[in-house]
Amino acid sequence: MRGNLEVKEQKYMSTFDVAVIGSGPGGYVAAIRCAQLGMKTAIIEKYSTLGGTCLNVGCIPSKALLDSSHHYEEAVKHFDTHGIELPGEVKVNLEKMIGRKQAVVDQTCAGVKFLMDKNKITVFEGVGAFKDATHIDITDASENTTTIEAKHTIIATGSKPSTLPFITIDKKRVITSTEALKLKEIPKHLVIIGGGVIGLELGQVYRRLGAEVSVVEYMDRIIPGMDRALSKELTKVLKKQGVKFYLSHKVTAVNGTEKEVIVTADDKKGNPVEFKGDYCLVSVGRRPYTDGLNANAAGVEINERGQVVVNDHLQTATSNIYAIGDVIKGAMLAHKAEEEGTFVAESIAGQKPHIDYNLIPGVVYTWPEVAAVGKTEDELKEAGVAYKSGQFPFRALGRARASMDLDGFVKILADEKTDEVLGVHMIGARCADLIAEGVTAMEFRASAEDISRMSHAHPTFSEAIKEAALAATENRALHV
């Protein structure tokens, strides 16, 4: 005590070579790579579990629910065809399904903690805020503050769900993806605002479990960032599964009561339309999260979109501070963040790493899955690039017929003169895994003919890639 003023004790920790703020896929991978390269590393996470959005309320839990709901749908719709007879009615135990999802999350987050310990990375729980360019205040849940010194800092604070100015997220009836992952009941009618990846994946989960699902999208197609052919095919397949789409609809109001939500929108002619449901999932994208970072104190610039401004080396205006992942420009993808985390760690160590952003694949984990890498047809046309296209349907594959996964196709776009592969676009079974072949081929600047001359095991889904390459090479696919 000094006079009548109480002075809260502030703890000072040792200096670190690198401090990482945020423990999502970008942050924890950056920390591991820094530690591997011999740097004394700290990681700062505001929540009690590591892993960020992806592991806790994003990629991992959503895939767990997609997988569980897929098993249920297979049991209800296809087991009989396969000659599998069940003794009674197949029922959904949503509580148990959500519990399994949480167990997967817990195990995965524990795995990240193990990796931190293994690599001797110091973990701080609390909100990290810059005091200046080399000092970070870490305030925990009890409002105790620890200050550390870091020669270099990597901002990896990720993103949060976006909303629209006139929408109030009450987390009960009007929800984001976070709440949709832990509902206590299956919606009767789930109205989804936004036809992007997150909305479609969670929409399919609850459609499989029996909910009526309506997707209200401002654009004239779903997954608008992907090739138009993929958008068209996924729309057709999801409609067949019972999902209703209202494209070119501008949402103007969302009003909720204790038991009902009314979404008002203008259709493409400007006429008002109402959608009534018991839940409304607002899925209009995500925004960079820099709350509490106190970026100004370190000279770090935030642009009008809320993104941390970086150069080609992912450095901020303050050269010893870097930023990666959702908090900077570019696609908000976990694997993009991981690549950037590795890139920054190796840059700090004096190495010369590289990232080819054109070769970061995008995936939608609906069933059928959607995946793509490289340029779309629209992008090639806009750039004036002469190209050729080869396409092959999954239903022509023996493997697809054996598993009853007939929907979808693989499309390969190649330079008209050089035959170099410029884009690979696919929708169908296992495309999330198959796209790696396209990434590998393009990384080594393969031609469509190169792929067509590679032996692909039979019967497999990957044969569709070989056949699409053949189709792009003098239109000589063998099995159509």
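This is a predicted model: local features need pLDDT of at least 70, side-chain atom pairs count only at pLDDT 80 or more; totals for chains, interfaces and linings use all residues.
I started with Glu233, which touches Asp407, Gly408, Phe409 and Ile427, leaving aside residues up to four places away in sequence.

Next I asked myself: is Glu233 buried or exposed? Its relative accessibility is 12%, and buried means under 20%, so Glu233 counts as buried. I found Glu233 in helix α7, which covers residues 228–240.

Then I checked what α7 lies across. I got three strands: β19, β21 (409–415) and β22 (421–428). Against β22, the helix runs at about 0 degrees.

**The sheet**

I looked up the strand order and wrote down β18-β19-β22-β21-β20, an open sheet of five strands with antiparallel pairing. Which strands stand at the edges? They are β18 (362–364) and β20 (387–393); each has a single partner strand, so one side of each is left without a neighbour in the sheet.

I zoomed in on β18 and β19 (residues 369–374). The two run antiparallel and are joined by three bridges. Val363 stands opposite Ala371 in β19.

In the loop between β18 and β19 I came to Pro368. The peptide bond joining Trp367 and Pro368 is cis, with omega at about 5 degrees.

Which element gives the largest share of the lining? That is α3, with 11 residues. Helix α7 is also among the elements that give two or more residues. By type, I have 16 nonpolar, 10 polar and 15 charged residues in the lining.

I found another cis peptide bond, from His458 to Pro459, with omega near -5 degrees. Pro459 sits in the loop between α12 (448–452) and α13 (463–472).

Leu314 has a phi of about 65 degrees and belongs to the loop between β16 (286–288) and β17 (321–323). With 5% relative accessibility, Leu314 counts as buried. Asn475 has a phi of about 50 degrees and lies in the segment after α13. I put Asn475 down as exposed, because its relative accessible area is 66% and the cut-off is over 50%.

Terms used:
Residues are numbered from 1 along each chain as its sequence is written. Side-chain values use heavy atoms; hydrogens and water are left out. Two strands pair if DSSP finds at least two bridges between them. Helices (H or I, at least four residues) and strands (E, at least two) are DSSP runs, numbered from the N terminus. Contact means heavy atoms within 4.5 Å. Axes are lines fitted to C-alpha atoms, for helices over the stretch in contact, and angles run from 0 to 180 degrees between N-to-C directions. Ala, Val, Leu, Ile, Met, Phe, Trp, Tyr, Cys and Pro count as nonpolar, Asp, Glu, Lys and Arg as charged, and the others, Gly among them, as polar. Buried means under 20% relative accessible area, exposed over 50%, partly exposed in between (1.4 Å probe, protein chains only).
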